[in-house]
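Have a look at the structure on the screen, and I'll talk you through a few places in it.

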Amino acid sequence: MSECKRDYGDFIVLMGLAGFTLWYLLDAIRVSATPQNLLLILPLAVIVLAIIALELILRIKHGSLFRSSEEEPLHKTLPVVGLFAVYVLSLEAIGFDIATVAFLALFLILKGERNWLLVGGYSVAFGLSVAFFFSQMLPYPMTLLLLPS
């Protein structure tokens, strides 16, 4: 006798993300409904909610909303969680730029990428771009070692 197992994890994550997005948007509108305040928040919230709705519609259409998908085993997930924890804890000590580049390189290696040129090139290019973008966009100083702050 086969037993039908339902997996609600993806649905709960989507609903949590939608709920948080709506809460954040409504809170931002409550604080200040000026265009300057909502210039980035409103379009991004609409895009996130549209993507969530599209994902739900596609899963309902294919009948896979609660169907279990291929999951990574725990022994492959825990190192990534540990790596992320080390990344967050190292931001102040070694700087956002170096920590981001190292995190990306180690993550790619953990996920099985063996092309060292791709690992190094992508990690440096994307990591430094993200660090530069955030250092310019955020109104407070960030710890950076390579990039000027």
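Let's start with the lining of the largest pocket: Leu17, Phe20, Thr21, Tyr24, Leu25, Leu40, Ile41, Leu44, Ala45, Val48 and Met137. Please keep in mind that this is a predicted model. The space in the largest pocket comes to about 270 Å³. What kinds of residues make up the lining of the largest pocket? They divide into 10 nonpolar, one polar and no charged. Helices α1 and α2 each supply at least two residues of that lining.

So, on to α1. Helix α1 runs over residues 9-31, which makes 23 residues. From its first C-alpha to its last, α1 reaches 33 Å, close to the 33 Å expected at 1.5 Å a residue. Which residues of α1 are buried? They are Leu14, Ala18, Thr21, Leu25 and Ala28. The buried residues of α1 pack against α2, which covers residues 35-62.

Here is a handy bit of background: an α-helix has 3.6 residues a turn, so residues three or four places apart point the same way.

Now for the aromatic rings. Searching the whole structure gives 10 aromatic pairs. One of them is the pair of Phe20 and Trp23, which is tilted, with 5.6 Å centre to centre and 40° between the planes. Because Phe20 and Trp23 are three residues apart in helix α1, about one helical turn separates them. Is Phe20 buried or partly exposed? Its relative accessibility is 47%, so Phe20 counts as partly exposed.

Elsewhere, Phe84, Tyr87, Phe103 and Phe107 are linked into a cluster by ring pairs.

Terms used. Residues numbered from 1 in each chain as written. Predicted model: local features only at pLDDT ≥ 70, side-chain atom pairs only at ≥ 80, totals over all residues. Heavy atoms only, no water. Helix = DSSP H or I, 4+ residues; strand = E, 2+ residues; numbered from the N terminus. Expected span 1.5 Å × (residues − 1). Buried < 20%, exposed > 50% of the residue type's maximum accessible area, 1.4 Å probe, protein only. Contact = heavy atoms within 4.5 Å. Phe/Tyr/Trp six-rings, centres within 6.5 Å; stacked < 30°, edge-to-face > 60°. 1 Å grid on protein atoms, 1.4 Å probe; cavity = no way out; pocket = protein on both sides within 12 Å on 5 of 7 lines; lining within 4 Å. Points joined across faces, edges and corners; volume = space filled by probe spheres on them. Nonpolar A, V, L, I, M, F, W, Y, C, P; charged D, E, K, R; others polar.
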